[in-house]
Amino acid sequence: MATATMTARTIKTPHGPASVAVVMKQLKKGLHYLETHGWCQGTYRDFNTGKVCAVGGITHVHTGKQAGPNSDIRLAACALLANAAGIRKTVRPSQRSEITVIEWNDKKGRKAHEVTKAYKTAIRM
């Protein structure tokens with residue numbers, strides 16, 4: 001596992017443990033949305049086309065309150081996505097993990113297949 005904050009069933013977050021199962025569900029839903037509606041850069045979601053960035057995919061597929069802005073589930077999903085993308089060896093769930101993924105997503109030359117690959121890698125972790 002790329003992050004030292006994950007155990008077999010939980011991911012340590014700023015406000016306590018987050019269920020790995022719930023985080024994985026969020027990543028799977030985000031990937032499905034991204035593959036269905038498309039990927040974009042420079043915004044969480046393009047309201048004209050429905051396309052989303054890497055973080056927008058996680059954000060758009062709310063699971064109740066658990067995936068709202070800065071929720072532990074969202075932050076944990078971003079941390080796993082960052083690790084899967086190889087952005088850093090260890091990215092812990094925090095607002096920084098979200099910003100790191102946004103910067104990676106918006107890098108000039110980034111391709112949609114790289115984003116979907118990162119999602120799929122994170123889901124297998």
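This is a predicted model: local features need pLDDT of at least 70, side-chain atom pairs count only at pLDDT 80 or more; totals for chains, interfaces and linings use all residues.
**Exercise 1.** Find how many helices and strands the chain has, and in which pattern they follow one another along the sequence.

*Solution.* Begin by counting the elements, which gives 5 helices and 2 strands in the chain. Then read along the sequence, where the pattern is β-β-α-α-α-α-α.

**Exercise 2.** Check whether the span of H3 agrees with its number of residues, and decide how far H3 is enclosed by the rest of the structure.

*Solution.* First, locate helix H3, which covers residues 72-84. For the chain of 125 residues, 47% count as buried. Finally, look at what comes after the helix: H3 is followed by Gly-86, which has a positive phi, near 75°.

**Exercise 3.** Describe how H3 packs with H5, giving the angle, the distance between the axes and the residues that make the contact.

*Solution.* Two packed helices are described by the angle between their axes and the distance between the axes. Helix H5 covers residues 112-124, and its axis lies 8 Å from that of H3, at an angle of about 110°. Angles of 65 to 115 degrees count as roughly perpendicular, and therefore H3 is roughly perpendicular to H5. On the side of H3 the contact is made by Leu-80, Leu-81 and Ala-84, while H5 supplies Ala-118, Tyr-119, Thr-121 and Ala-122. Sorted by class, the residues of this contact are 6 nonpolar, 1 polar and no charged.

**Exercise 4.** Carry out the corresponding description for H1 and H3, and state which classes of residue take part in the contact.

*Solution.* Helix H1 covers residues 20-37, and its axis comes within 9 Å of the axis of H3, the two crossing at roughly 70°. That angle makes H1 roughly perpendicular to H3. Turning to the residues, Val-22, Val-23, Met-24, Gln-26 and Leu-27 of H1 meet Ile-73, Ala-76, Ala-77 and Leu-80 of H3. By class, the contact of H1 with H3 has 8 nonpolar residues, 1 polar residue and no charged residues.

Notes
Residues are numbered from 1 along each chain as its sequence is written. Side-chain values use heavy atoms; hydrogens and water are left out. Axes are lines fitted to C-alpha atoms, for helices over the stretch in contact, and angles run from 0 to 180 degrees between N-to-C directions. Helices (H or I, at least four residues) and strands (E, at least two) are DSSP runs, numbered from the N terminus. Angles under 35 degrees count as roughly parallel, over 145 as roughly antiparallel, 65 to 115 as roughly perpendicular and the rest as oblique. Contact means heavy atoms within 4.5 Å. Ala, Val, Leu, Ile, Met, Phe, Trp, Tyr, Cys and Pro count as nonpolar, Asp, Glu, Lys and Arg as charged, and the others, Gly among them, as polar. The expected span of a helix is 1.5 Å times one less than its number of residues. Buried means under 20% relative accessible area, exposed over 50%, partly exposed in between (1.4 Å probe, protein chains only).
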